[in-house]
Amino acid sequence: MSTVFQHSQRLLELPPYIFSEINAIKAEAQKRGVNLLSLAIGDPDQPTPTKIIEELKKAASDPQNHVYSPYEGTLQFKNAVSRWFKNRFGVTLNSENEVLALIGSKEGIAHFPLAFVNPGDKCLYPSPGYPIFSTAIQLAGGIPIAVPHRWENDFQPDLNELENLILVHQPKYLLLNFPCNPTSAVCTRKVMTDIVDLARKHRTILVADNAYSEMYYDVQDRPLSILEIPGAMDVAIEFHSFSKTFNMTGWRIAFAAGNPSLIAGLLRVKTNIDSGPLLAVQKAAEFALNNADELAEPIRNVYRERREIVLNGLRRSGIEYLQPRATFFVWAKVPGNESSMSFVKRLIAEQGLVLTPGIGFGQEGEGFFRMALTVPNQQLHEAIRRLELALKR
Ligand SMILES: Cc1ncc(COP(=O)(O)O)c(C=O)c1O
């Protein structure tokens, strides 16, 4: 019999995996022969655009791309990032020291605290939020402090509350995620400018997760880069990803851009852990960025259609939601006084419909649920039908 080894204290201290309860209910429903339909998956169902795959094939067959990448990514890849950044956000980056290739933005966000957080340091993260924001802080020995984002504020932080949290906790960094998973909220230029001013005033690092910057619905709502805000380069690092923009989640390619000392710290951690993304993947990603508009617009169109189906259904059912301006998520209120976990469990058991309970994204997510628009139209119609049936009971 194999020995069971005890996990490290840092792993034992991580919060329990809340979704295991849901997995058990799903398994039980499946056993009863229920046909499950999941809108809980944050992974695009559509393939990567063919032209990007063709670039990968070409690059993969060139032996020059079979060796280690430079730790920071190739200069060619980083130049493509700088060109795209200039076109898209009007921000000039120095490819040499203000851009860093990553093996997914999750990798960068998770390693970043190792570079800047000492044991016991506090860091602010958004709640509701992507769960690794807080666990990454914890894994580095830091103390995560939630910044509540609420319905009445369109899920943007309240600036007085934020400044108060900064004054009380003296955080090493403040993490922002706009457009947001799970709420889909975007941030106004005014709020972002105020946040940059706060960070500069209190010498707090700003970590901006912009993984959904290209997943917008209307051109006038195109999300900002924090680096567009004057003075942000003094304090900020921003994470971008190819995963959602180009349906490339499994390819593991992303980048960070921003303050050179923040980039250098993250790079130093990474040189001790990994050896950069596959060179052929960097080539294909470079092609994607050079042709971003042509490749990303058809993907956005798919979600535009899907969003309408779901929002029409929610309106018909009388369910309140935050109008999604970006991301492929819809964030809606649980009807009545039921907890988000009980509502989601009931939908699975009664209708075989799997949604994500807001509580899975932090305390401030309670009372909400998340729907991912990552299934075809027909399945979205079916999901709405099942939701309506559940509400009638
Ligand atoms: C808010 C947010 N940031 C970052 C990521 C990680 O993306 P990737 O590591 O694929 O770049 C995700 C993935 O779901 C996300 O939702």
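Ala, Val, Leu, Ile, Met, Phe, Trp, Tyr, Cys and Pro count here as nonpolar, Asp, Glu, Lys and Arg as charged, and the others, Gly among them, as polar. This is a predicted model, in which local features need pLDDT of at least 70 and side-chain atom pairs count only at pLDDT 80 or more, while totals for chains, interfaces and linings use all residues. Residues are numbered from 1 along each chain as its sequence is written, and side-chain values use heavy atoms, with hydrogens and water left out.

Let us start with the largest pocket. On a 1 Å grid over the protein atoms alone, a pocket is an open set of points with protein on both sides within 12 Å along at least five of seven lines, a cavity is a set where a 1.4 Å probe fits but cannot get out, and lining residues have an atom within 4 Å of a point. The largest pocket holds about 1400 Å³ of space, a volume being the space filled by probe spheres set on the points, which are joined across faces, edges and corners. It is lined by 50 residues, and those closest to its centre are Phe-19, Tyr-130, Pro-131, Ile-132 and Phe-361. Helix H2 (19-31), helix H5 (105-116), strand E3 (122-127), helix H6 (132-139) and strand E12 (356-357) each give two or more residues to this lining; helices (H or I, at least four residues) and strands (E, at least two) are DSSP runs, numbered from the N terminus. By class, the lining has 25 nonpolar, 17 polar and 8 charged residues.

What takes up the space of the largest pocket? The ligand does, where sitting in a pocket requires more than half of a molecule's atoms to lie within 2 Å of its grid points. Around the ligand stand 13 residues, the closest being Asp-209, Ser-241, Ser-243, Lys-244 and Arg-252; a residue counts as near if one of its heavy atoms lies within 4 Å. This shell divides into 3 nonpolar, 6 polar and 4 charged residues.

Now look at the polar contacts, pairs of N or O atoms within 3.5 Å. The side chain of Tyr-212 has an N or O atom 2.8 Å from an oxygen atom of the ligand. For Lys-244, a side-chain N or O atom is 2.7 Å from a ligand oxygen, and a polar side-chain atom of Arg-252 also lies 2.7 Å from an oxygen atom of the ligand. Taken alone, the ligand exposes 390 Å², and the protein buries 93% of that, with areas from the Shrake-Rupley method and a 1.4 Å probe.

The structure also holds 2 cavities of 30 Å³ or more. The largest cavity has a volume of about 80 Å³, and its lining includes Trp-84, Asn-210, Ser-241 and Leu-289. That lining has 6 nonpolar, 5 polar and 1 charged residues. The second largest cavity contains about 50 Å³ of space; among its lining residues are Leu-176, Asp-209, Asn-210 and Glu-238.

Finally, some backbone details. Most residues other than glycine have a negative phi, and most peptide bonds are trans. Ser-127 and Pro-128 are joined by a cis peptide bond with omega of about 0°, and Pro-128 lies in the loop between E3 and H6. Another cis peptide bond joins Asn-181 and Pro-182, with omega of about 20°. Pro-182 is in the loop between strand E5 (173-176) and helix H8 (189-202). Ser-184 is also placed in the loop between E5 and H8, and its phi is positive, near 75°.

Key:
Polar contact = N/O pair within 3.5 Å; in protein donor to acceptor, adjacent residues only side chain to side chain.
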